[in-house]
Amino acid sequence: MNIAFIGLGNMGAPMALNLAAAGHNVTGYDTATIPAGLTAASSAAAAVAGADVAITMLPNGDILRRVAAEIIPALPAHAVFCDCSTVDVDSARTVAALAEARGIAALDAPVSGGTAGAAAGRLTFMVGGPASAFATAEPLFAIMGAKAVHCGPSGAGQSAKICNNMILGVTMIATCEAFALADRLGLDRQKLFDVASTSSGQSWSLTSYCPAPGIGPASPADNGYRPGFAAELMLKDLLLAQQAATASHAETPMGALAAELYRQFVEEEGGKGMDFSAMLPRFTKRHIGH
Ligand code: NAD
C-alpha cells in the first residue's frame, strides 16, 4: 500500500518504520525530523497525495484538527484516514465528520503499549469508525500491533482508551496508597502482595506492574521509577476522560480525584518524567496530621 505517515515522534517513527520494513511504501512528514528509511515529503498535504491510507500520530486534538484540515482535501477519494493519536472524543468525531463530508472514511485508532510496544510492533489498537475502513486498515494494525479491537462508530476508539486509562489511573493510586498504609501498619509489602494478588484486591496495577520495588514481575519500580508510562501521559489521559465526562454528563468522582492527584504530582511534586507508579514513594513520603 501507499501509506502517508504524519507525526514521526517517539511513537510515530517506529510505527512508520515497521510499516516500511513490512514492504509498504511509506511517505513521512513531521514538522521536526523525518527518520531515514521513509520517503520524506515537504508538507502534510504532499505526503498524502496518492495515499491509500493516511496515518497521523500527533500530540493533541488541536494539532490533529489543523493537520486534518490540511490533508483531507488532498487525499484521494478511496483513501482511509486513520488517526492513532490520543485526543479528545470531540476532536476525533469532528475530523471524522470532516473526512466523511468528502466521502473519505475515517478511523480513530489510539494505541496502548508505549514506545516499547511501538518499536516491537506489539501495540493494541482501539478503533472507532466504519467496518469497511477497519477492514482496510487491519493488515496495517497487524504489522504495528498485536491486537486491534473494532469498538464501534467514530469516537469509540478514543472512548475505550480513556475509559481504560481512567480505570488504570484509579487502580494504580489505590494500589500505591494501600502499600503506603501497609508500611505504616508494619505489614510486610511482600505479604500484602501475596494476599492481594490472589484476592479481591487484585488488578493489573498490582500483579503486572507492581509499584513496589522487588515485588512481582520486573516493572519501572525496579528501575528507579523511570518510565514506562510517564505520569504526565497518565495525567493527559485522565484530563481527556474528565473532559469527556463533563461533555456527556457522566459522574466520575474517582476519575476526577485521580486526575487531581496526578496533576499535583506532575505540576507541584516533581513527578514529571517519572513513571506513573511513582505515586507509591509520593504516598510514603507524606504524613497526615503531624
Ligand atoms: P511526540 O511528541 O514524540 O511526537 C509527536 C510528533 O508530532 C513530533 O515529532 C512533532 O514534531 C510532530 N508534530 C507536531 N505538530 C505537527 C504538525 N503540525 N505536522 C506534522 N507533525 C507534527 O509524541 P509521542 O510520544 O509520539 O505521542 C504521539 C501520540 O501518541 C500522543 O497523542 C500520545 O498521547 C499518544 N501515545 C503516546 C504513548 C507514549 O508512550 N509515548 C503511548 C500511547 C499513546
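Which backbone atom lies 3.0 Å from an oxygen atom of the ligand? I looked this up and found a backbone N or O atom of Thr86.

**Entry 1: the model.** I note that this is a predicted model, in which local features need pLDDT of at least 70, side-chain atom pairs count only at pLDDT 80 or more, and totals for chains, interfaces and linings use all residues. Residues are numbered from 1 along each chain as its sequence is written, and side-chain values use heavy atoms, with hydrogens and water left out.

**Entry 2: the ligand.** I searched for polar contacts, meaning pairs of N or O atoms within 3.5 Å. A backbone N or O atom of Met11 is placed 2.8 Å from an oxygen atom of the ligand. The side chain of Lys236 also has an N or O atom 2.8 Å from a ligand oxygen. On its own the ligand has 830 Å² of accessible area, of which the protein covers 81% (Shrake-Rupley method, 1.4 Å probe).

**Entry 3: the loop between α9 and α10.** I found Phe229 in the loop between α9 (204-207) and α10. Leaving out residues up to four places away in sequence, Phe229 touches Asn165, Leu168, Tyr209, Met234, Asp237, Met274, Asp275 and Phe276 (contact means heavy atoms within 4.5 Å). Phe229 and Gly273 are 44 residues apart in sequence, yet their C-alpha atoms are 9.2 Å apart in space.

Gly228 has its place in the loop between α9 and α10, and a cis peptide bond with omega of about 10° joins Pro227 to Gly228. Tyr225 also lies between α9 and α10; Tyr225 is not a glycine, but has a positive phi of about 65°. For background, most residues other than glycine have a negative phi, and most peptide bonds are trans.

Conventions: A polar contact is a pair of N or O atoms within 3.5 Å; within protein, one must be able to donate a hydrogen and the other to accept it, and residues adjacent in sequence count only if both atoms are side-chain atoms. Helices (H or I, at least four residues) and strands (E, at least two) are DSSP runs, numbered from the N terminus.
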